[in-house]
Amino acid sequence: MLDQILACLPEVVAVLLYAIGFMLLLLHKNLIKKIIGLNIMDTSMYLFLASMGYIQGNIAPILTEGATVADYINPIPSGLVLTGIVVSVSTTALMLALVIRLYRAYHTLNLDEIYIEIQRGRR
Amino acid sequence: MISSFVVNFPLFCIVASLLCAVVCSVLVSHAAEKVCWGLLMAVLAANITLLVYQIQNGESVTFMMGHFPAPWGNELRFGILEPMIAILLGLVLLLTAIGGRMHYFAQAQTGHRSVYFTMLCLLQASTMAMLFTNDIFTGYVFIEIATIATCGVLVSRNTPGSIAAAMRYMIFSQIGSGLFLLGVILLYGITGHLLLPNICAAVQQLWATGEYHLPLTAAISLITVGLAIKSGLFPFHFWMADTYGSASPGAAGVMSGVVSKLYILFLLKLIFCAFGTEVYYDSGAQNVMFVFGAAGALVGSVSAIHQRDINRMTAYSSASQIGYIYMALGIGGQAGVIAALFQLIAHAITKPPLFLSLARLRDVSGNSPYFADLQGAAHRDRLAGISFTLGAMSMVGLPTMAGFIVKLQIASAAVSTDIGLKAIPTLIVLALSTVLNTVYFLRTVLRIYTPSETHPADPKAPWWSPKGGRVSATLAYAAFAAMNFGFGLFSQPVLALLERGIGMLGF
């Protein structure tokens, strides 16, 4: 059992991190912690993706003299991770910008309190 | 020679949309608006040319991007369905933005107005990319671009309420994106491919041998749930009421008419081109879709009845209509898919004019969204009243309008494909939902046409009164109404094209 877990340690860690990030994003009331949760969730997926392309003992996919195709790791997941990071940074920046605007308007980072204020305004 | 040039159009449209988004971000608002309208019309013209070419060509085209062939490179793929839907969504985007411009310019902060047009260009790029791409990861990237652009359109109203609504939308959207990406990674891990035909071949082979059955089912479920959350399927529809309720009319129209449809269309593309319909149906995801779609159609309507705020009522009505689309997809078979696509089209051309006309009705009722204050609003703004009534009639499913054809198609799909198991629940849901739709829309129409003593209509005001941006709103109302009657009265050619389109997708 332990051997099996150790053999796919990156995947296990990725799943744990994903669960932590997902629950933070879904359940936490604090907007900054929600964004941290989103980033943990995204990072876990990049770890999962990168671990798929990693081949033990092989080198990074940068052309090296004397190396054959079989000596490199799979470069596609690394490329996807880079693209994913760009997407993640963009959404994080946008959400942080929204948080700043919300804090200026409601003087709180608690989403529940913000909704109570909105309901009050609606009445 | 001409054919080899025409097949480049989707790529040109995506690149042009992205370039125009960059250009719009540095221009002043009126110049940005002109660039945006120019782009939307150019993309529309390109898609019409592509559709005509594809109807004559008769087979799907795979366009290789760059110099790397499959399975390494990136591809676009299109038959009849892609340009057809791109024309429709492009037209809805253009008309909604034109119809909502008066409100946008009244509400947006001076100096930040060009951001709205930047976001519209990005939405156009996402629409084209998600419809035409043959690569699942490219699809993911443009899903996120669409989310960011939608958020940008949402905050254009610049009120604390709209920013809170955008935040809520982002949170739900990111949960959906997270699940979708996890599904994509699992699928890549199992198949080793990102291009849809390669994934499909590997999935079919693995499913037939029984290998990786559980991970494949998990990947299919994650992708379906992720896109369902983003499109607002029950029980993930609660963000819709706040978001649509707080957005400007143009933003609400764009979200309900274009953005929510994009995710469903991409899911449909994945069902056909990445999983294969047999594997998808065999995985059981289709039945889950049917149950949640049917529940969404009813719960959305019941929630709409309980609202005092007309914007929130229309938002819940959207949740109900999205339920119809998923229910029709869940019925399965060619008839079910065609019914789902027709419902998608009908909803895309009906909901934006409802949001646009609602905004006008609110304007002439002291900017109040509550039913009590909206009494007699249709007499104070007759055109908005007519537009809202026509939209409501289509939603209820009156003959000669697109909404009627939808209900007819869903009912006949249910009866023709699977007598017993899904036919009876479908017919019950259709009947109940139609009654509920009638209750809340009829109540609203009666309310806006009941003369008000406190807010009487100006008897001298001309009924058409094209002043202060009314020309653009009138143009949008008229075009949407014409499309609604067009799809209702001449549905057969559209249904025939949809049938050919899904045939080219591999159904």
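Me: What should I know about the model before starting?
Reply: The model is predicted, so local features need pLDDT of at least 70 and side-chain atom pairs pLDDT 80 or more, while totals for chains, interfaces and linings use all residues. Residues are numbered from 1 along each chain as its sequence is written, chains are lettered from A and ligands numbered from 1 in the order written, and side-chain values use heavy atoms, without hydrogens and water.

Me: How much area do chain B and chain A bury between them?
Reply: About 3,100 Å², with 80% of it on carbon and sulfur atoms. Buried area is the accessible area (1.4 Å probe) that two parts lose on being put together, summed over both.

Me: Which three residues of chain B supply more of that than any other three?
Reply: B:Met167, B:Ile185 and B:Tyr188, with 20% of the area chain B buries against chain A.

Me: How many residues does each chain put into the contact?
Reply: Chain B gives 31 and chain A gives 36. Contact means heavy atoms within 4.5 Å.

Me: What does A:Lys29 pair with?
Reply: A:Asp112, with the closest N and O atoms 3.5 Å apart. The pair links distant parts of the chain, 83 residues apart. A:Lys29 sits in the loop between helix H2 (9-27) and helix H3 (31-53), and A:Asp112 is in helix H5 (residues 111-122).

Me: Switching to helices. At what angle do H18(B) and H21(B) pack?
Reply: About 25 degrees, with axes 10 Å apart. H18 covers residues 382-396 and H21 residues 470-489 of chain B. Helices are DSSP runs (H or I, at least four residues), numbered from the N terminus. Axes are lines fitted to C-alpha atoms over the stretch in contact, and angles run from 0 to 180 degrees between N-to-C directions.

Me: What does that make H18(B) and H21(B) to each other?
Reply: They are therefore roughly parallel, a label for angles under 35 degrees.

Me: Which residues of H21(B) meet H18(B)?
Reply: Among them are B:Arg470, B:Tyr477 and B:Phe485. On the H18(B) side, they include B:Leu383 and B:Leu390.

Me: And where do the axes of H16(B) and H18(B) come?
Reply: Within 8 Å, crossing at roughly 145 degrees. H16 spans residues 333-363 of chain B.

Key
Helix = DSSP H or I, 4+ residues; strand = E, 2+ residues; numbered from the N terminus. Parallel < 35°, antiparallel > 145°, perpendicular 65-115°, else oblique. Salt bridge = Lys/Arg side-chain N within 4 Å of Asp/Glu carboxyl O.
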